[in-house]
Amino acid sequence: MNHLNIVATTEGAVGLITLNRPKALNALNAELLGELVTQLEAWDRDDTVRCIVLTGSERAFAAGADIKEMQPLSYADTFRKNLFADANDRISAIRKPIIAAVAGWALGGGCELAMLCDFIIAADTAKFGQPEINLGVMPGIGGTQRLTRFVGKSKAMEMCLTGRNMDAAEAERAGLVSRVVPAAELMAEAMKAAAKIAEQSLPIVAMTKETVNRAYETTLAEGVRFERRLFHAMFATADQKEGMAAFGEKRKANFTDR
């Protein structure tokens, strides 16, 4: 699959997508987002790829949506195009885990893209922000919603209303990122985490991802009920039998995705 704005490679069972618009600090234009969702969906259908890592450059994960592309649009244009809805919905629908490996700037749409992933590993050089207020707009790819769920109302409100950036250490304290690593170790750590996930049972991983995501979409009681039903369902799989047998026999499990 040929792309102009991303680079897609595989390492074992891990797919790696690198955003590749260096002159624009990986700004998210329609072409890049189209290539990104097409590649994600292709790997979601490919059982040889079991986990995905999404990254940018050392300087920028993505510095935002492409302002030059958006500036001429009218309300009618954005409404008719349903601007950003397609990318948001299609990325949200990917069933395999996506890890964002973030170094440098992750601003505006870049921060929102990172939050669309299942968790973020940040380099100590990473900076996150929603500076859209300075452009006379607000976040439009889920930023007001996901950031609030990750870091709480007060911090999200401040960032969205002032455009203040958050460094990697603050992002970890606030719960936006899972952990912070030295920039030189970012990709190794992200690929190591992805490889560990790729060793697990594919259907069990997908069900676990779906259940964690449900915590943000429903009440605690409904979420726990959903978790319990999927947990019970896992006992109908061969991988549950193999995993528990391997534990008892003190060996590595050989999952077959059944």
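A salt bridge is a side-chain nitrogen of Lys or Arg within 4 Å of a carboxyl oxygen of Asp or Glu. The structure holds 16 salt bridges. The model is a predicted one. A search of the whole structure gives 0 disulfides, and the count of aromatic pairs comes to 3.

**Salt bridges**

- Asp 257 and Arg 50 form a salt bridge in which the closest N and O atoms are 2.8 Å apart.
- Asp 257 belongs to the segment after α12 (238-248) and Arg 50 to the loop between α1 (30-44) and β3 (51-55), so this pair ties together parts that are 207 residues apart in sequence.
- Asp 257 is partly exposed, at 22% relative accessibility, whereas Arg 50 is buried, at 14%.
- Arg 179 and Glu 189 meet through their side chains in another salt bridge, at 3.0 Å from N to O.
- Arg 179 sits in strand β10 (residues 179-181) and Glu 189 in helix α9 (residues 186-198), so the bridge ties together parts that are 10 residues apart in sequence.
- Arg 179 is partly exposed, with a relative accessible area of 30%, and Glu 189 is partly exposed too, with 21%.
- The side chains of Arg 251 and Glu 249 also form a salt bridge, with 2.6 Å from N to O.
- Arg 251 is partly exposed, at 36% relative accessibility, while Glu 249 is exposed, with a relative accessible area of 51%.
- A network of salt bridges links Lys 155, Glu 158, Arg 164 and Glu 170.

**Cysteines**

- The search of the whole structure finds 0 disulfides.
- Cys 111 is in no disulfide, and the nearest cysteine sulfur, which belongs to Cys 160, is 8.7 Å away.
- Cys 160 is likewise in no disulfide, its nearest cysteine sulfur being that of Cys 111 at 8.7 Å.
- A disulfide needs two cysteine sulfur atoms within 2.5 Å, and the sulfur of Cys 160 is 8.7 Å from that of Cys 111.
- Cys 111 counts as buried because its relative accessibility is 1%; Cys 160 is buried as well, with a relative accessible area of 13%.

**Largest pocket**

- At least two lining residues come from each of α4 (85-92), α5 (109-116), β7 (119-123), α6 (143-151) and α10 (202-214).
- Helix α10 gives the most to the lining of the largest pocket, with 8 residues.
- The lining is made up of 19 nonpolar, 6 polar and 8 charged residues.

**Second largest pocket**

- Two or more lining residues come from each of α2 (67-70) and α5.
- The largest share of this lining, 3 residues, is supplied by α2.
- By class, the lining of the second largest pocket divides into 16 nonpolar, 8 polar and 5 charged residues.

**Aromatic pairs**

- The structure has 3 aromatic pairs.
- Tyr 75 and Phe 79 form a tilted pair, at 5.8 Å centre to centre and with 35° between the planes.
- Both residues of this pair, Tyr 75 and Phe 79, lie in helix α3 (residues 75-81), 4 residues apart, which is about one turn of the helix.
- Tyr 75 and Phe 79 are both exposed.
- The ring centres of Phe 150 and Tyr 216 are 6.1 Å apart and the planes stand at 85°, so this pair is edge-to-face.
- Phe 150 in helix α6 and Tyr 216 in the loop between α10 and α11 (220-233) are 66 residues apart, and the pair links these distant parts of the chain.
- Phe 150 is partly exposed, at 23% relative accessibility, and Tyr 216 is partly exposed, with a relative accessible area of 41%.

Notes. Residues numbered from 1 in each chain as written. Predicted model: local features only at pLDDT ≥ 70, side-chain atom pairs only at ≥ 80, totals over all residues. Heavy atoms only, no water. Buried < 20%, exposed > 50% of the residue type's maximum accessible area, 1.4 Å probe, protein only. Nonpolar A, V, L, I, M, F, W, Y, C, P; charged D, E, K, R; others polar. Phe/Tyr/Trp six-rings, centres within 6.5 Å; stacked < 30°, edge-to-face > 60°.
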